[in-house]
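Please read the following note alongside the structure.

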Amino acid sequence: MEISVTKLLVVAVLVVLLFGTNKLRSLGGDLGAAIKGFKKAMNEEQPAAKQEEHTSSISDNRHKE
């Protein structure tokens, strides 16, 4: 099944007619804010995971001695 440009345009027009441009704008803004928040949370989580790895490797080295 192939999706052509014409089919995409028809779907886009139907969505605009059903929801209206204002509703779509607010939905796009909400989606963008959600993605931004998710990325921020992921970036905050990575340093904590690296710190945990570092701490566990130090304790592993102490047990080997």
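1. Val 10 counts as partly exposed because its relative accessibility is 46%; buried means under 20% relative accessible area, exposed over 50%, and partly exposed in between (1.4 Å probe, protein chains only). The model is predicted: local features need pLDDT of at least 70, side-chain atom pairs count only at pLDDT 80 or more, and totals for chains, interfaces and linings use all residues. Residues are numbered from 1 along each chain as its sequence is written, and side-chain values use heavy atoms, leaving out hydrogens and water.

2. Val 10 lies in helix H1, residues 5-19; helices (H or I, at least four residues) and strands (E, at least two) are DSSP runs, numbered from the N terminus. After H1 comes Gly 20, with a positive phi near 85°.

3. In total, the chain has two helices and zero strands. Of its 65 residues, 0% count as buried.

4. The accessible surface of the chain is about 6,300 Å², and carbon and sulfur atoms account for 63% of that area; the areas come from the Shrake-Rupley method with a 1.4 Å probe, and for residues only the protein chains shown count as cover.
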